[in-house]
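User: Could you walk me through reading pockets and sheets in a protein model? I'm new to this.

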Amino acid sequence: MGDATASASASTKTAELDAPLSALGFEMEEVSPSRLTGRLLVTDTCCQPFKVLHGGVSALIAEGLASMGAHMASGYRRVAGMQLSINHFRSAAAGDTVLARAVPVHIGRSTQVWEVKLWKMDASTQGEGPQIAEARVTLLCNLPVPDEMRSAGESLRKYSKL
């Protein structure tokens with residue numbers, strides 16, 4: 001699959017999975033109950049006035065990835081964020097690509113804790129460069145899904161690799 005086709009596919013996937021992330025240009029890559037990954041090209045839309053990635057965007061990525069992962073890991077039951085803690089180590093400037101990865105730390109009956117790390121992409125290797133942020137997201141899980149929301153997990157089921 002060519003780069004343009006892969007990018008279009010990732011954009012479509014993200015649009016179906018998380019509209020706010022999609023609106024910022026985030027592209028989902030790997031989607032499973034044990035790992036979610038994606039990338040964001042830092043544009044003016046997601047920058048603060050000093051032309052670096054806004055910390056709130058990093059928090060949105062963390063909450064979005066952790067929530068999707070927790071939803072899958074709980075068998076597509078409803079989840080709700082309880083706490084988000086994020087540390088920012090370095091900045092990412094407009095034009096940089098940020099890579100993100102979310103993995104579960106704890107999957108319990110009533111709560112889950114997810115770790116989300118963000119890196120600047122190393123242009124020479126296309127892999128992880130310097131880490132720019134790390135978040136921990138705690139979620140209530142296994143909540144009942146209201147009847148009118150039964151289809152909420154369909155997009156995740158479509159794209160997840162179980």
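Analyst: Let's start with the largest pocket, which holds about 380 Å³ of space. This is a predicted model, where local features need pLDDT of at least 70 and side-chain atom pairs count only at pLDDT 80 or more, while totals for chains, interfaces and linings use all residues. Residues are numbered from 1 along each chain as its sequence is written, and side-chain values use heavy atoms, without hydrogens or water.

User: How many residues line the largest pocket, and which are closest to its centre?

Analyst: Rolling a probe the size of a water molecule over the atoms shows where empty space is left. On a 1 Å grid over the protein atoms alone, a pocket is an open set of points where a 1.4 Å probe fits, with protein on both sides within 12 Å along at least five of seven lines; lining residues have an atom within 4 Å of a point. Its volume is the space filled by probe spheres set on the points, joined across faces, edges and corners. Here 22 residues line the largest pocket, and Leu-17, His-71, Ala-152, Gly-153 and Leu-156 are the closest to its centre.

User: Which helix gives the most to that lining?

Analyst: Helices are DSSP runs of H or I, at least four residues, and strands are E runs of at least two, numbered from the N terminus. H3 gives the most, six residues.

User: And what order do the strands take in the sheet?

Analyst: Strands pair if DSSP finds at least two bridges between them. Six strands form an open, antiparallel sheet ordered S1-S2-S4-S5-S6-S3. S1 (27-32) and S3 (78-88) are at the edges with a single partner strand each, so one side of each has no neighbour in the sheet. S2 (residues 35-41) pairs with S4 (residues 97-107) over six bridges, and Arg-39 stands opposite Leu-99 in S4.
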